[in-house]
Amino acid sequence: QVQLVESGGGLVQFGGSLRLSCTASRITFSIYDMGWYRQAPGKQRELVATIGSGGTTNYADSVKGRFTISRDNVKKTVYLQMNSLIPEDTAVFYCNAHGTFGGRDYAYWGQGTQVTVSS
């Protein structure tokens with residue numbers, strides 16, 4: 001059973017920083033595209049940032065210049081460094097692993113970690 005375990009969430013003040021981590025197990029981590037998504041109360045889950053197996057990154061416009069996604073294939077971990085946090089960043093953040101192999105899609109999700117930004 002593939003597992004993605006997030007950590008690093010918490011309560012932070014406006015303008016503060018947090019670093020989320022997501023560690024994978026039972027998965028060939030290096031060949032998967034990894035991503036962070038978030039879901040605020042009453043809203044749909046939205047993409048925050050992705051990093052491809054080759055290291056290409058992509059960010060939502062709302063977090064560009066503030067958030068940085070990175071990965072460590074040896075540790076099977078993807079990170080999300082979040083700076084200049086604002087109350088609108090308050091959400092549950094989810095880690096995602098995605099890959100297409102042999103014409104079949106594979107996608108896995110973590111359980112989520114709460115990020116709360118106070119004003």
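Modeller: A nonpolar core is a set of buried Ala, Val, Leu, Ile, Met, Phe, Trp, Tyr and Cys residues joined through side-chain atoms within 4.5 Å; buried means under 20% relative accessible area with a 1.4 Å probe, protein chains only. The largest one here has 29 residues, and M34, W36, V78, L80, M82 and F93 touch the most other members. Several strands each supply at least two residues of this core, among them strand 4 (33-39), strand 8 (77-82) and strand 9 (91-101).

This is a predicted model: local features need pLDDT of at least 70, side-chain atom pairs count only at pLDDT 80 or more, and totals for chains, interfaces and linings use all residues. Residues are numbered from 1 along each chain as its sequence is written, and side-chain values use heavy atoms, with hydrogens and water left out.

Colleague: Which residues is F93 in contact with, leaving aside its neighbours within four places in sequence?

Modeller: Contact means heavy atoms within 4.5 Å. For F93 the list is E6, L20, W36, Y37, R38, V48, F67, L80, M82, G112, T113 and V115.

Colleague: How many helices and strands does the protein chain have?

Modeller: Both are DSSP runs numbered from the N terminus: helices are H or I with at least four residues, strands E with at least two. The protein chain has zero helices and eleven strands.

Colleague: What share of the residues in the protein chain is buried?

Modeller: Buried residues account for 41% of the 119.

Colleague: How large a box do the C-alpha atoms fill?

Modeller: Along the principal axes, the box is roughly 45 × 25 × 25 Å.

Technical notes
Buried means under 20% relative accessible area, exposed over 50%, partly exposed in between (1.4 Å probe, protein chains only).
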